[in-house]
Amino acid sequence: MSRKSVWIWLPGATEPTMAGRFSLGGYPGRPLGEFQYGEAYLAHSGRISLDQRQLLRFKGTARTTDYGGLFDIFRDVRPEGFGLDMLYRRRAVTSMSDLDVLEYSAGDAVGALEVCDDIQAKMDFVPESSQTMFGVMEELEPSQSNAHIATRLERLPSTSLGGERPKITVLHKGQLWIAKFAGSKDDPSSPLREYLCMTLAAMAGIDAAQVEFVQRRGRGAVLVKRFDRWIDAAGKCRRMHFASGATMLGAATASRDAPGRTYLSLAGNALRWGVAGHMAELWRRMAFNVLVGNGDDHPRNHGFLRREGGWQLSPAYDIAPYTPHGGQALEVKALSMGLLRNGDAGANADNLLLAARQFGIGYGEANDYLDNAYQLIHEKWGGLAKDAGETPLAPPLFKLPVRPERMPEPVWQKTRR
Ligand SMILES: Nc1ncnc2c1ncn2[C@@H]1O[C@H](COP(=O)(O)OP(=O)(O)OP(=O)(O)O)[C@@H](O)[C@H]1O
Ligand SMILES: [Mg+2]
């Protein structure tokens, strides 16, 4: 049985508090994770539950045998994809236990939680400045992959952020940002595409993380401002606890092809976690994903923040249509999560309009949103790229049909029960 401490930066705190102890045991093929809140934490006036499902109760021992014995909220801070590869490379290994990954990964994990013994090592994480990173971008030969940007920064242990694309946390304009680069399977234009989508999402009324686009020697990066950490006036880094949509759905429901992996389940679970006022915003995000052809809207690409008053939807992130080498965007037939209660993920206007009702949005309002957002995307797509100093890319492929002919309003009345 191995044990780790679990730390949290409580709302408003500049230092971490030990919340409890996590142990991982069981026997081969049947891991068992156990968590108990600590006595001092239980006596803390500002204590919060680490989640609203597996670790909701302060008393007793929480247990899980799912997914290697890791509680879902701990999986959110465990690096994967690019960050995990980089950690392996740095430590010259080909695999590590989950607990070692949590211990040795960089202190830039999403949110305000760390599962480790050496909390000081996490607190000592100092991001590189964006200027240093730009310097590396200038030095690299065009043939060198984007992963080199991270490996050239010797001080950088890795990144604990999830996701497949090369990324690092940088200090930019006095705050923390994520610099994201095209992955090995992506067209080099993918950071520009992400920048365009995120910028347009904000213009289309979505609460999207702030983005900038930079390019050095033909190599593009999108900078995404971190919404879970900020440097306060005294220069201290504040953190906000985060749960992914996968955690909110529960890992089993969040898995690919699970029938409950829908926007409506996510919205319903969020309600149970105390989230309010998120229904229309989630529908807009779903609609926007259809309009720009982002079919990679999996549950880890949605998030929630534990603010002072409770859980809320985080700003939107990772809105980007997958574009393989060659730069030809692919038509997206289905989103990664169901648009309708029955799991139908078809990326089309009919489903969006049917879903609107389930999300409490009027038919006229939903139609207007689709028209306006579609027009905005197509009007601004080229100009925004030019303003960023880039050659315009082909606009998203999705064509918005003339809906009144396809689905007159009475269809809703027929489905209303
Ligand atoms: N602005 C942000 N602030 C804080 N955390 C963020 C932000 N954007 C993303 N994250 C966290 O970092 C993770 C990775 O980011 P992102 O999803 O953008 O990367 P990616 O490599 O494109 O992912 P994927 O493999 O899904 O395509 C997210 O799952 C989320 O936990
Ligand atoms: Mg992602």
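Predicted model: local features only at pLDDT ≥ 70, side-chain atom pairs only at ≥ 80, totals over all residues.
View 1. N301 belongs to the loop between α12 (279-292) and β14 (303-307), and D318 to the loop between β15 (310-313) and α13 (349-358), so the pair ties together parts that are 17 residues apart in sequence. Helices (H or I, at least four residues) and strands (E, at least two) are DSSP runs, numbered from the N terminus. N301 and D318 are both buried, a word that stands for under 20% relative accessible area, with exposed meaning over 50% and partly exposed in between (1.4 Å probe, protein chains only).

Residues are numbered from 1 along each chain as its sequence is written, while chains are lettered from A and ligands numbered from 1 in the order in which they are written. Local features need pLDDT of at least 70, side-chain atom pairs count only at pLDDT 80 or more, totals for chains, interfaces and linings use all residues, and side-chain values use heavy atoms, with hydrogens and water left out.

**View 2. The largest nonpolar core, with 104 residues.** The residues with the most contacts inside this core are F22, L50, F74, W283 and F359, and helix α14 (residues 363-387) gives the most to the core, with eleven residues. A nonpolar core is a set of buried Ala, Val, Leu, Ile, Met, Phe, Trp, Tyr and Cys residues joined through side-chain atoms within 4.5 Å. Beyond its neighbours within four places in sequence, L50 is in contact (heavy atoms within 4.5 Å) with residues including V6, I8, F35, F74, L113 and W311. A second, separate core of 22 residues includes A106, M137, A147 and L223.

**View 3. An open sheet of three strands in the order β13-β14-β15.** The pairing in this sheet is antiparallel, and two strands pair if DSSP finds at least two bridges between them. Its edge strands, β13 (241-244) and β15, each pair on one side only. Between β14 and β15 there are four bridges, and R307 has G310 in β15 as its bridge partner.

**View 4. The cysteines C116 and C237.** The sulfur of C116 lies 15 Å from the closest cysteine sulfur, that of C237, which is too far for a bond. C116 is buried, with a relative accessible area of 0%, whereas C237 counts as partly exposed at 25% relative accessibility.

Conventions:
Disulfide = S-S within 2.5 Å.
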